[in-house]
Structures are given as structure tokens and as C-alpha cells.
Amino acid sequence: MHEAKEAALGSLWSGGTAPFATSSKKLGMWLFIVSDTLTFSAVLLAYSYLRLANPDWPRPFAFYPAIVKSTAMTVILLASSLTMVLGVAAAHRNDRRSTVRWLLATALCGATFVGLHLTEWVELFHEGYTPWSTPEGMPLFGATFFGTTGLHMLHVSIGVLYLLFMAVGIGRNKFTADDVEVSGLYWHFVDLVWMFVFPLMYLMSIHS
Amino acid sequence: MSTHGSGSGEHPAGSTRLFVTVWLWLAAVTGVEVFLGYVQLQPTLMLSLLVILSVCKAALIVAYFMHLKYERFSLTLALIPATIFCITMMLIFFFPDSMRILRLGTGAR
């Protein structure tokens with residue numbers, strides 16, 4: 001009875017020195033991702049409440065160009081996730097050349113995303129939307145919009161640096177495929193967060 | 001959760017074809033979301049639909065791109081229920097309290 005139970009648990013929780021049969025780096029990244037998920041959840045929950053509680057919430061985005069542009073940004077970030085997966089696959093094949101190429105492609109997509117996002121911000125500044133004021137006199141919009149997208153943009157920027165660092169390291173044969181996979185986890189997480197930020201921040205504020 | 005991974009040596013990580021298929025699904029759901037934004041529904045309904053669709057996208061990303069489907073199932077058990085529990089706790093305690101402030105006011109003039 002006891003042995004059977006142990007065998008069952010052993011197969012489920014088998015790990016010993018490596019819990020869940022993953023490397024400690026990967027497990028560490030997963031734990032970071034869980035905690036960061038909760039940070040973004042709190043921010044987005046607060047935003048959702050404010051959005052629903054204010055019937056006259058500002059809606060500064062026209063379908064064209066703002067929404068078309070942010071949709072393009074979404075597709076670019078999604079595409080970067082695809083290149084990242086291919087990079088990880090290449091790393092597991094020990095194909096260093098294509099790993100570096102896919103990592104650089106991913107970083108380029110990320111940098112393009114940040115660039116487009118910044119032009120978007122500048123346009124909003126010109127229209128009078130800042131983190132502390134809006135033309136409608138509802139500073140909460142500015143605070144939540146720039147706070148949330150800014151926090152996300154910070155994550156993307158850090159991710160771009162991380163990927164460039166990985167690309168250089170892989171080129172010099174300093175990192176293993178496992179390290180690339182861990183950086184991939186981070187990158188996909190950043191993409192995942194945008195999948196919530198984009199609909200909640202942009203699609204909920206399209207002016208009719 | 002069919003495949004339980006077989007150690008870090010070999011990776012049954014899925015083919016390029018699978019990744020592209022997942023990507024196309026993600027793009028398609030994004031398209032549906034943008035369409036919802038175009039037709040504009042009542043805010044509460046709209047927010048609920050968008051969050052549901054986004055959770056589907058997140059699940060696809062976590063399962064395939066972040067490889068969780070191919071890890072030990074115990075890792076999924078350790079990460080996902082705890083996250084859902086914490087977010088549910090936020091929902092349970094945050095919304096009723098904030099709505100109460102709406103109803104009673106802050107007392108400030």
C-alpha cells in the first residue's frame with residue numbers, strides 16, 4: 001500500500017535533485033513568470049474596474065490609424081514568438097548559426113514593437129494624453145494606460161537586451177540550448193502579457 | 001496533457017508545422033478580437049468576451065510556445081492552479097470592495 005503510493009507519487013513528483021525534472025534555471029524562470037503574472041493581473045484588474053466603473057471613460061483611439069497600428073504591433077510581437085520557438089528548436093539541434101539568426105530576428109521584432117509603441121505614445125502626448133492628464137479631465141486614463149503599457153514596454157526592452165546578450169553568447173559558444181529555452185520562456189511571457197494589454201487597453205477605448 | 005516529456009535529452013517539442021498552426025490560430029483569435037472592437041459591444045460584455053478570448057490565446061502560448069504541454073505534468077500542477085487561485089482571490093476581494101466604495105462614496109467632498 002505504502003509502496004504503491006510512493007511509486008505513484010514518485011512518478012508524478014519525480015525529481016530528486018532536479019524538481020519536476022527541469023533545470024533549476026528553467027524552474028526559476030517559471031517562478032518569476034508566475035509572480036510577474038500576478039503583478040500584471042493586479043494592474044489589469046484595477047484597470048478593468050476603473051474602465052467599467054466610468055461610463056465616460058476616454059476613448060482616444062480611432063480605428064484608423066491607432067487600432068490598425070496597434071494590431072500590426074500585436075502581429076509583430078506574435079511573429080517574434082514564432083521566430084523565438086524556431087530559435088529554441090535550432091538550439092536543440094545544436095545549429096548555432098540559425099539559433100543566432102532566429103534570436104536576432106526575434107530581438108528585431110521586439111525593437112520594432114517598442115519603436116512603434118513609442119510613436120504611438122508621442123501621438124497621444126500631442127493629443128493631450130499624458131500620464132497625469134487627459135483632455136476629458138480624467139487623469140485615471142493616463143495613469144492606467146501609460147502605467148500598464150509602460151510596464152509592458154519595459155519588459156519588452158529588457159527582453160530585447162536579454163536576447164541580444166543570448167545571441168552574442170551563443171555565437172561565442174557560452175550558452176547551452178537550455179539557456180536559450182529559458183530566454184524563450186521570458187520572451188513568450190512578454191508576448192502573452194500583450195495579448196491581454198492590447199484588447200483591454202486599446203480595443204476597449206475605440207471612439208465611435 | 002498526453003505527452004509527459006522524456007527528460008531534457010530529447011525534445012518532443014513539436015514541429016515547425018505545429019508552431020505555424022498555433023501561430024495562425026493566435027492570429028485568427030486576434031482578428032476576432034479586433035472585429036469585436038470594430039462592432040463595439042456594451043463594455044461589460046465586451047470586456048468579458050475579450051478576456052475569455054485572451055485566456056484561450058494565453059493557454060495556446062503556454063502549452064505550445066512555452067513548452068508546458070511537453071514538460072512533466074507535475075510542473076503544470078505546481079504552476080497553473082496556484083496562479084489561477086491567486087488571481088481568483090484578487091477578483092473575489094478586489095471587486096466587491098471597490099464596488100462598495102462606488103456605492104457608499106469615499107466621504108470626500
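Trainee: What share of the contacts in chain A with a separation of 6 or more comes from residues 24 or more positions apart?
Mentor: Bear in mind that this is a predicted model, where local features need pLDDT of at least 70, side-chain atom pairs count only at pLDDT 80 or more, and totals for chains, interfaces and linings use all residues. Residues are numbered from 1 along each chain as its sequence is written, with chains lettered from A and ligands numbered from 1 in the order in which they are written. Two residues are in contact if their C-beta atoms, placed from the backbone, lie within 7 Å. For residues 24 or more positions apart, the share is 77%.

Trainee: How many helices and strands does chain A have?
Mentor: Both are DSSP runs numbered from the N terminus: helices are H or I with at least four residues, strands E with at least two. From the N terminus on, chain A reads α-α-α-α-α-α. That's 6 helices and 0 strands.

Trainee: Does the length of α3(A) agree or disagree with its residue count, and what is the end-to-end distance?
Mentor: The expected span is 1.5 Å times one less than the number of residues. With 30 residues, α3(A) should span 44 Å, so the model agrees: the end C-alpha atoms are apart by 42 Å.

Trainee: Which elements of chain A give two or more residues to the side that touches chain B?
Mentor: Across that interface, 43 residues of chain A are in contact with 43 residues of chain B. The elements on the chain A side are α1 (2-13), α2 (24-53), α3 (63-92) and α6 (177-202).

Trainee: How are α6(A) and α2(B) oriented to each other?
Mentor: Their axes, lines fitted to C-alpha atoms over the stretch in contact, come within 9 Å and cross at roughly 170 degrees. Angles run from 0 to 180 degrees between N-to-C directions; under 35 counts as roughly parallel, over 145 as roughly antiparallel, 65 to 115 as roughly perpendicular, and the rest as oblique. α6(A) and α2(B) are therefore roughly antiparallel.

Trainee: What covers the buried residues of α1(B)?
Mentor: Buried means 20 or more other C-beta atoms within 10 Å of a residue's own, against 12 or fewer for exposed and in between for partly exposed, with C-beta atoms placed from the backbone. In α1(B), the buried residues include B:Phe19, B:Trp23 and B:Leu26. Their cover includes α2 of chain B together with α3 and α6 of chain A.

Trainee: Which residue follows α1(B), and what is its phi?
Mentor: α1(B) covers residues 16-39. After α1(B) comes B:Gln40, with a positive phi near 60 degrees.
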